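Have the structure open beside you while you read. We'll take a walk through the fold, one piece at a time.

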Amino acid sequence: MIAASSLREFIERHEKLFVLTGAGCSTASGIPDYRDADGEWKRGRPIMFSDFVAHEHSRKRYWARGLIGWKRMRAARPNDAHSALAVLESQGRVAELVTQNVDGLHQAAGSRNVIDLHGRVDVVRCLTCERRLPREHVQAELVERNPSFAVLDAVEAPDGDAALEGVDFAAFDVPACDACGGLLKPDVVFFGERVPVERVQRAFTALEQADAMLVVGSSLMVYSGYRFARAMADAGKPIAAVNLGTTRADDLLALKVTERCADALSFLLGPAGRETAARVYI
Ligand SMILES: [Zn+2]
């Protein structure tokens, strides 16, 4: 409880917050985290961009797993951590919310100024003509072409991907772009792929205008997130983090709250919000 009241003080003391969220914010919505409490990979490392582009079997495997993973991703609903951050924005305290998550749950909870640093899993992009189309559209085509895969179940990962062991992916039929025949890829930044520069610049502009940084549910192990904490620290501004495990920026933090995100932030929702947050974990 000491940590929770300190977080409240931290939030009250700093008027403009730069908020960065990660996988820990969405775990209570049923979207699993990639990493354990020490920041290590829980399962195999996610697919690399170079593998996806270079190898047909990698794309077959990716889309076969994605076909199943999307079912859970599509059903996910925001939890109290998302709601609390939407409340904070409605109070004029958050200029921009930068998320490493690709699930769209901040927007579903009512946040408006969201920078999806790593893209959105509900959008698919053609790598050749840049055409974008809804994931639901591609999902329907995947199911139609691959009825035997559509009935499989698996353990999903946070990007809508899923772990499918012992399955032969050779027969999987991956659709191409209707317009140009190019490769289709979820509009998500893969490992080994750059975050679009305009997104990063927009985030840094918000960071410069903020008084303090609040990290919610991120281990900051990926540089694309860590660099914001580094820049904040270099500017001499304080950083608070809510995360169940180690973060790469632990030595930069003014405050560390080792609690579930929804629990730590529930005070922003008032007494009713706290009751809801408690029910989530029963
Ligand atoms: Zn195309």
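What you're looking at is a predicted model. The chain has 11 helices and 11 strands. Of its 282 residues, 52% are buried. If you take the contacts with a separation of 6 or more, 71% of them are between residues 24 or more positions apart.

How confident is the predictor? The chain's mean pLDDT is 88, and 85% of the residues reach 70 or more. Confidence is highest in β9, at 98, and lowest in helix α11 (residues 270–280), where the mean is 50. Over residues 273–282 the pLDDT is below 50, and this stretch has 15 contacts in the model beyond near neighbours in sequence.

## The six-stranded sheet

Now find the open sheet made of six strands, which run in the order β3-β2-β1-β9-β10-β11 with parallel pairing. At its edges stand β3 (114–116) and β11 (255–257); each has a single partner strand, so one side of each has no neighbour in the sheet. From one strand to the next, the twist averages 15°.

Strand β2 (residues 94–99) runs parallel to β3, and three bridges join the two. If you'd like a pair to look for, Leu97 has Val114 in β3 as its bridge partner. Helix α8 (residues 197–209) packs on this sheet and touches β1 (17–21), β2 and β3. The direction of α8 makes about 145° with that of β3. Helix α9 packs on the sheet too, touching β1, β9 and β10 (239–242), and its direction makes about 155° with that of β9.

## The three-stranded sheet

There's another open sheet to find, with three strands in the order β5-β4-β8 and antiparallel pairing. Its edge strands are β5 and β8, each of which pairs on one side only. Ignoring direction, neighbouring strands of this sheet are turned by 45° against each other on average.

On one side of β4, three bridges join this strand to β5, and Arg125 has Arg132 in β5 as its bridge partner. Five bridges join β4 to β8, where the bridge partner of Arg120 is Asp187. Is β8 enclosed or open to the outside? Five of the five residues in β8 (residues 184–188) are buried, so the strand is largely enclosed by the rest of the structure.

Along the way, α3 bends by about 35° at Gly69.

Helix α9 has 12 residues and reaches 16 Å from its first C-alpha to its last, close to the 16 Å expected. Its buried residues include Ser224, Gly225, Tyr226 and Phe228. Among the elements that cover the buried residues of α9 are β1, α8, β9 and β10. After α9 comes Gly236, which has a positive phi near 75°.

## Two loop residues with a positive phi

Here's a bit of background: most residues other than glycine have a negative phi. Glu130 isn't a glycine, yet its phi is positive, near 65°. You'll find Glu130 in the loop between β4 (119–126) and β5 (132–134). Leu220 has a positive phi as well, of about 60°, although it is not a glycine. Leu220 sits in the loop between β9 (212–216) and α9 (223–234).

Leu220 is buried, because its relative accessible area is 1%, and buried means under 20%.

Key:
Residues are numbered from 1 along each chain as its sequence is written. This is a predicted model: local features need pLDDT of at least 70, side-chain atom pairs count only at pLDDT 80 or more; totals for chains, interfaces and linings use all residues. Side-chain values use heavy atoms; hydrogens and water are left out. Helices (H or I, at least four residues) and strands (E, at least two) are DSSP runs, numbered from the N terminus. Buried means under 20% relative accessible area, exposed over 50%, partly exposed in between (1.4 Å probe, protein chains only). The bend at a residue is the angle between axes fitted to the seven residues ending there and the seven starting there. Two strands pair if DSSP finds at least two bridges between them. Axes are lines fitted to C-alpha atoms, for helices over the stretch in contact, and angles run from 0 to 180 degrees between N-to-C directions. Contact means heavy atoms within 4.5 Å. pLDDT is the predictor's confidence in each residue, from 0 to 100. The expected span of a helix is 1.5 Å times one less than its number of residues.
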